[in-house]
Amino acid sequence: KGLEYEILKVLAKRFNFKYKTKRVADGKWGSAVPGGGWNGMVGEVHRGEADMAMSGIGISESRSKVVDFTSPHCVEPSAVAIRLYPTKWRYFIEPFGPIVWL
């Protein structure tokens, strides 16, 4: 379920293909492992165990060396919210105590 699954359904209808979904065996997104292999969704695609992986997986330089990515279809920026201070120079100083700065 989710956005990627909805995209897959639309593509299958539009281009008249069938698909079978499955969860990745180890439940991971995909990271390099010792010995040059990959785990997770990236690993299954890289090893040919899956034709493609659809998820909110991040595109990284290391992953791009072993699998091809489409253009991003969703960008979700992250941010940190802090109390509004009257002077901007205090934004990154005030939230942290003296121990953090030491």
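Predicted model: local features only at pLDDT ≥ 70, side-chain atom pairs only at ≥ 80, totals over all residues.

Me: With which residue does lysine 9 form a salt bridge?

Reply: Side chains of opposite charge can pair when their charged atoms come close. The criterion for a salt bridge is a side-chain nitrogen of Lys or Arg within 4 Å of a carboxyl oxygen of Asp or Glu. Lysine 9 pairs in this way with glutamate 6, the closest N and O atoms being 3.3 Å apart, and glutamate 6 is itself partly exposed at 39% relative accessible area. Both belong to helix H1, where a spacing of three residues separates them by about one helical turn; helices (H or I, at least four residues) and strands (E, at least two) are DSSP runs, numbered from the N terminus.

Me: How many salt bridges does a search of the whole structure find?

Reply: The search finds three. In one of them, lysine 22 meets glutamate 44 at 2.8 Å, N to O, and this pair links distant parts of the chain, since lysine 22 sits in the loop between H1 and strand S1 (32-33) and glutamate 44 in helix H2, 22 residues apart. Lysine 22 counts as exposed at 52% relative accessibility, while glutamate 44 counts as buried at 5%. Arginine 47 and glutamate 49 also form a salt bridge, again 2.8 Å from N to O; arginine 47 is partly exposed at 44%, and glutamate 49 is partly exposed at 46%.

Me: Which residues of H1 are buried, and which are exposed on the other side?

Reply: An α-helix has 3.6 residues a turn, so residues three or four places apart point the same way. In H1, the buried residues are Glu4, Leu8 and Ala12. Viewed down the axis of H1, these buried residues fall within an arc of 75° (taken from the directions from the helix axis to the C-beta atoms), so they line one face of the helix. On the other side, Val10, Lys13 and Arg14 are exposed. After H1 comes asparagine 16, whose phi is positive, near 55°.

Me: What volume does the largest pocket have, and which residues lie nearest its centre?

Reply: The largest pocket has a volume of about 920 Å³. Of its 23 lining residues, Thr21, Lys22, Arg23, Met41 and Met54 lie nearest the centre. Helix H1 (3-15) and helix H2 (40-46) are the elements that give two or more residues to this lining, and H1 provides the largest share, three residues.

Me: What of the second largest pocket: which residues are closest to its centre?

Reply: The second largest pocket, with a volume of about 730 Å³, is lined by 28 residues, and Ala53, Ser55, Ile57, Thr70 and His73 are the closest to its centre. H1 gives the most to this lining, with five residues. On a 1 Å grid over the protein atoms alone, a pocket is an open set of points where a 1.4 Å probe fits, with protein on both sides within 12 Å along at least five of seven lines, and lining residues have an atom within 4 Å of a point; the volume is the space filled by probe spheres set on the points.

Terms used:
Residues numbered from 1 in each chain as written. Heavy atoms only, no water. Buried < 20%, exposed > 50% of the residue type's maximum accessible area, 1.4 Å probe, protein only.
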